[in-house]
Amino acid sequence: MAARLQGLGTTIFAEMSALALRTSSINLGQGFPDTDGPTRMLDAAVDAIRSGEHNQYPPGIGIAALRESVSAHQRRFYDLEYDPDTEVLVTAGATEAIAAALLALVEPGDEVVALEPYYDSYAAGIAMAGGRRVPVTLRAPDFRLDVDALRAAVTSRTKLLLINSPHNPTGTVLTADELAAVAELAVERDLLVVTDEVYEHLSYDGAPHIPLATYPGMRERTVTISSAGKTFAVTGWKIGWVCATPPLVAAVRTAKQFLTYVSGGPFQPAVAEALAFGDDYYTDLRSSLQGKRDLLSAGLSSLGLDVFVPGGTYFVTTDVRPLGYDDGVEFCRMLPERCGVVAIPHEVFYDDKQAGRPLVRWAFCKRDEVLSEAVERLRSGL
Ligand code: PMP
Ligand code: GLN
């Protein structure tokens, strides 16, 4: 295996989902819903397959209907204008968009400043591009962005900032002030920004999602990435997209066309339809997930764990030390056998292993009865 892939191992999500299957555990590890996405959207995909018009290669940049729908979505929710023909690119999920953006924009040896704990594909994408990862740690108990640490992480070798809000795994939703500080720094140091906004519709307690591209001087330097997986509960469809200026989209497309070329033909028209759903869809999604967040947070708290209630995403984080454990990896290895529940240790998402050691992430995008059953299993086994 090439040196640049050394140490990447197997993604924790595959490992923990396999463990859940092997032990018949409730899987609160990998973040995927256990109910289907909206029927109208599923029907649209079936219709697209049956029509016979979407089963061959779609255009390399994605079908026009989806690019137009992404563009309309950015205008409707954020007042951002993107030309569907030159400023939107459809990708194989956000994962491909992230990898293609890093391959397209990072020269070997360039530094990429990323928030830590980081979603695991960031480390892999930076490594595949030959870049150097420079983490800025979001620390317990509040996981806020330390703007001074971010400033200190930027050097003359920094090429881009890789930002994620709402943030996986901590659930932090960056505030308007934090985002403004990121934007100011990017403008001041003339940096590109890749922003992963896949949880854009999953922020709670009325907190708005504010795209980084809305800040002064940011639209022209920002590659905004999102996908349908979370918003429409279809993580297996892998329909993602990029919004950026024509030269940035062209760069990402150059890498993308030699990774997958295209993907998800019949899913593209279905997602195009779904993005145009009325406000009720988006409001219901938020309130349903906020209820699940509260249900699982209360359950975990009742077990004596320290719970950090997240502002967004599918995930709640706990500190396991109150239960007498100091290592989240050990805790998560023990959990399936002992309780029949799978969770994800934070430590794998850090360079600063110490910062993540006692932390464990639990997914709450599951049916209420499944969340309650998981808590009862934990209560009996721990
Ligand atoms: N970014 C983050 C922060 C994620 O949590 C995920 C996982 N769902 C992705 C990107 C990948 O998204 P997709 O499934 O669309 O590739
Ligand atoms: N984003 C999901 C999570 O964080 C899983 C994605 C994956 O399995 N690669 O759990």
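**Reading the model**

Reply: Let's begin at P166, which sits in the loop between β5 and α7 (176–188). Those labels come from DSSP runs counted from the N terminus: a helix is H or I over at least four residues, a strand is E over at least two. Residues are numbered from 1 along each chain as its sequence is written, while chains are lettered from A and ligands numbered from 1 in the order in which they are written. Keep in mind that this is a predicted model, where local features need pLDDT of at least 70, side-chain atom pairs count only at pLDDT 80 or more, and totals for chains, interfaces and linings use all residues.

Me: Which kind of peptide bond joins S165 and P166?

Reply: First the general idea: most peptide bonds are trans, and most residues other than glycine have a negative phi. The bond between S165 and P166 is cis, with omega about -15°. There's another cis bond between E116 and P117, with omega about 0°, and P117 belongs to the loop between β3 (111–116) and α5 (120–128).

Me: What about phi, then: is that of S24 positive or negative?

Reply: S24 isn't a glycine, yet its phi is positive, near 50°. You'll find S24 in the loop between α1 and β1 (26–27).

Me: What is the mean pLDDT of the chain?

Reply: pLDDT is the predictor's own confidence in each residue, from 0 to 100. Where it is low, the predicted coordinates should not be read in detail. Here the chain averages 97, and 100% of its residues reach 70 or more.

Me: In what order do the 7 strands of the open sheet come?

Reply: To read a sheet, look for pairs: two strands pair if DSSP finds at least two bridges between them. This open sheet runs β2-β8-β7-β6-β5-β3-β4, with mixed pairing. At its edges are β2 (88–92) and β4 (132–137), each pairing on one side only. On average, neighbouring strands are turned by 25° against each other, direction ignored. Such angles use axes fitted to C-alpha atoms, for helices over the stretch in contact, and run from 0 to 180 degrees between N-to-C directions. Helix α3 (residues 64–78) packs on this sheet, touching β2 and β8 (239–243), and its direction makes about 115° with that of β2. Contact here means C-beta atoms, placed from the backbone, within 7 Å.

Me: How many bridges join β5 to β6?

Reply: β5 (residues 158–164) and β6 (residues 192–196) run parallel and share 5 bridges. As an example, L160 has L192 in β6 as its bridge partner.

Me: Why is one side of β9 left without a neighbour in the sheet?

Reply: That's the open sheet of 4 strands, ordered β9-β10-β13-β12 with antiparallel pairing. β9 (306–308) and β12 (344–345) are at its edges with a single partner strand each, so one side of each has no neighbour in the sheet. Also there, β10 (residues 315–319) and β13 (residues 359–363) pair antiparallel over 5 bridges, with D319 opposite L359 in β13.

Me: Which residues are around ligand 2?

Reply: "Near" means that a residue's C-beta atom, placed from the backbone, lies within 6 Å. Around ligand 2 you get T11, F13, Q30, G31 and N168. Ligand 1 has 14 residues around it, of which G93, A94, T95, N168 and S227 come nearest. Helix α4 (residues 93–105) gives the most to that shell, with 3 residues.

Me: Into which domains is the chain assigned?

Reply: Domain bounds come from an automatic or database domain assignment. Here it gives domain 1 (3–37 + 280–381) and domain 2 (39–277). Their centres, taken over C-alpha atoms, are 24 Å apart. The contact takes 38 residues from domain 1 and 37 residues from domain 2. On the domain 1 side, α11 (279–302) gives the most, with 7 residues.

Conventions. Two residues are in contact if their C-beta atoms, placed from the backbone, lie within 7 Å.
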